[in-house]
Amino acid sequence: DLSELIVSLGGVKFWIVSIAPLYIGWALAQPEATRHLFIDDIRIVLAFLVIGPFLGTFTLLFNTYYDMETTDRANPRKRYVRMVEELIDPETLLWASLGFAALGLLLAAYVSSNFVSYSGQDTSGPFTSLVGSHGFTIVMALVAILSIAYSHPAVRWKGVAGMDLVTNIIGFGVLCPLGGWALLRPIEQAPWWYIATIALFLGAVYAPPTA
């Protein structure tokens, strides 16, 4: 039915896969003395919108556009694609995906410009001294680029042995936690050992279902 189509097409059930590591990065970036898990920060709420409804939907629509005529036809989890073919012109699907990407990156830039501030912190690192408070924007842009590399026929990492796993490890396990961290603190201060742990854990979770 229509609700199932919307949920499947937008990848709603997969948003949590990117939102969770983003949230972990935000929680880790808080000062130890006042660290808490409940969400009381507009930055992380808007960041959830960026990584889930906008960039998450972009990724799924972009992937569907390039796969709906080939692998999706044989995938029982992608039964909704046949309905999409009847209801939506493929070019509309592509433009819709790009629209979601644009909205996500615009919101990321808005958050970085209006809500992110590193005042009182060391911003002398090479990355932060170059981009200022726009670390979150850059990380989200890298997420979008990774999504394109994953599905676009010119690169199509999802079809290269090992790169499917590497793409998801980098996207969900590295960039998403970094995005949450960059909302509060410069990226150079990120706990790389912890981010490496998240990346390896997500890789371990992702590999068995793929097999």
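This is a predicted model: local features need pLDDT of at least 70, side-chain atom pairs count only at pLDDT 80 or more; totals for chains, interfaces and linings use all residues.
**Entry 1: Asp41**

I looked up Asp41 and found it in the loop that joins α2 (15–29) to α3 (42–67). Is Asp41 buried or exposed? Its relative accessible area is 11%, and the cut-off for buried is under 20%, so I wrote it down as buried. Next I checked the side chain of Asp41: one of its polar atoms lies 2.9 Å from the backbone nitrogen of Arg43. I then left aside the neighbours within four places in sequence, and Asp41 was in contact with Trp26 and Leu184.

**Entry 2: α2 and α8**

Two packed helices are described by the angle between their axes and the distance between the axes. For α2 and α8 (residues 163–182), I noted that the axes come within 6 Å and cross at roughly 45°. That angle makes α2 oblique to α8. I recorded the crossing as right-handed. Which residues make the contact? From α2 I listed Val17, Ser18, Pro21, Leu22, Gly25, Trp26, Leu28 and Ala29. From α8 I listed Phe172, Cys176, Pro177, Gly179, Gly180 and Trp181. Sorted by class, this contact has 10 nonpolar residues, four polar ones and no charged ones.

**Entry 3: Arg156**

Arg156 sits in the loop between α7 (135–151) and α8. Most residues other than glycine have a negative phi. Arg156 is not a glycine, yet I found its phi to be positive, at about 45°. Its relative accessibility is 25%, so I put Arg156 down as partly exposed.

Technical notes. Residues are numbered from 1 along each chain as its sequence is written. Side-chain values use heavy atoms; hydrogens and water are left out. Helices (H or I, at least four residues) and strands (E, at least two) are DSSP runs, numbered from the N terminus. Buried means under 20% relative accessible area, exposed over 50%, partly exposed in between (1.4 Å probe, protein chains only). A polar contact is a pair of N or O atoms within 3.5 Å; within protein, one must be able to donate a hydrogen and the other to accept it, and residues adjacent in sequence count only if both atoms are side-chain atoms. Contact means heavy atoms within 4.5 Å. Axes are lines fitted to C-alpha atoms, for helices over the stretch in contact, and angles run from 0 to 180 degrees between N-to-C directions. Angles under 35 degrees count as roughly parallel, over 145 as roughly antiparallel, 65 to 115 as roughly perpendicular and the rest as oblique. A crossing is left-handed if the near helix is turned anticlockwise from the far one by less than a right angle, and right-handed if clockwise. Ala, Val, Leu, Ile, Met, Phe, Trp, Tyr, Cys and Pro count as nonpolar, Asp, Glu, Lys and Arg as charged, and the others, Gly among them, as polar.
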